[in-house]
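Subject: Structure handover

Hello,

Here is the structure I promised to pass on. Please open it and keep it in view while you read my notes.

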Amino acid sequence: WLTSKVVGSNLSDPDGCRLVAFSSSSALTKANASNAAERDLALKLRHSEDQLLSQTPQVRTTIFRPTMIYGGPGDANVERIAAALRRCSVFPIVGGGKGIRQPVHAADLGIAAVAALLTPDTEGKIYVLAGGEKLSVKEMVRRVGALNGVRTRFIPVPRRPAEIALRLLALLPRFRRVPAGALERLTSDLAFDYTDAARDFG
């Protein structure tokens, strides 16, 4: 689960391999999800983290749990929203879009990976990495639209009809990657404190 997302290592280190690996904040946010597949994902992520950390000292690992990543090719979050808004400026919003998000840019994660590799105090630790700004889902969507030249019009949708619609849309190939618990999390606050990362490697 994690070794396919290795972002850096120093294989010439005589004291063993130095590794920075990406997990996901889903290890926390999906741990108590109502959907069994999402709970299973969170469990697998944490199990994989434990496996990597258990390889010390042969592999000295730092693990990142990023929040919603944007700015990289093919991201399944912000780019999906942008594509939808480019097709249609009307965006359905569930629960008022009040859930809090803290998206983090892919380039910032790359910088963080290098900094952690160069900081011995990060070895054996897990860090949640989040963006510097907390936004409501509605505000995040509005900004994505504005950056794509779209003035977004929001249509409030009750949660129950939205759940039924999502199950039907999941039958179409375009929507199969939409997470089963996406609606459940729309009203959740998925923001994190990252002061430990700021303290340990800037």
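Predicted model: local features only at pLDDT ≥ 70, side-chain atom pairs only at ≥ 80, totals over all residues.

Start with the aromatic rings. A search of the whole structure gives four aromatic pairs. In one of them, Phe64 and Phe201 are stacked, with centres 5.8 Å apart and 15 degrees between the planes. This pair joins distant parts of the chain: Phe64 sits in strand β3 and Phe201 in helix α8, 137 residues apart. Both Phe64 and Phe201 are buried.

Phe201 also pairs with Tyr127, this time edge-to-face. Tyr127 belongs to strand β8, and 74 residues separate it from Phe201. Tyr127 is buried too. Together, Phe22, Phe64, Tyr127 and Phe201 make up one aromatic cluster.

Next, look at helix α4, residues 106-117. At 1.5 Å a residue, its 12 residues should span 16 Å. The end C-alpha atoms are 17 Å apart, which agrees. Leu109, Ala112, Ala113 and Ala116 are buried in α4. Seen down the axis, the buried residues fall within an arc of 105 degrees, so they line one face of the helix.

Now the cysteines. How many disulfides are there? The count is zero. Cys17 is buried, at 18% relative accessible area. Cys88 is partly exposed, at 39%.

Last, find Arg159 in helix α6, residues 159-169. Arg159 is partly exposed, at 38% relative accessibility.

Best wishes

Note on methods: Residues numbered from 1 in each chain as written. Heavy atoms only, no water. Helix = DSSP H or I, 4+ residues; strand = E, 2+ residues; numbered from the N terminus. Expected span 1.5 Å × (residues − 1). Buried < 20%, exposed > 50% of the residue type's maximum accessible area, 1.4 Å probe, protein only. Arc of directions from axis to C-beta. Disulfide = S-S within 2.5 Å. Phe/Tyr/Trp six-rings, centres within 6.5 Å; stacked < 30°, edge-to-face > 60°.
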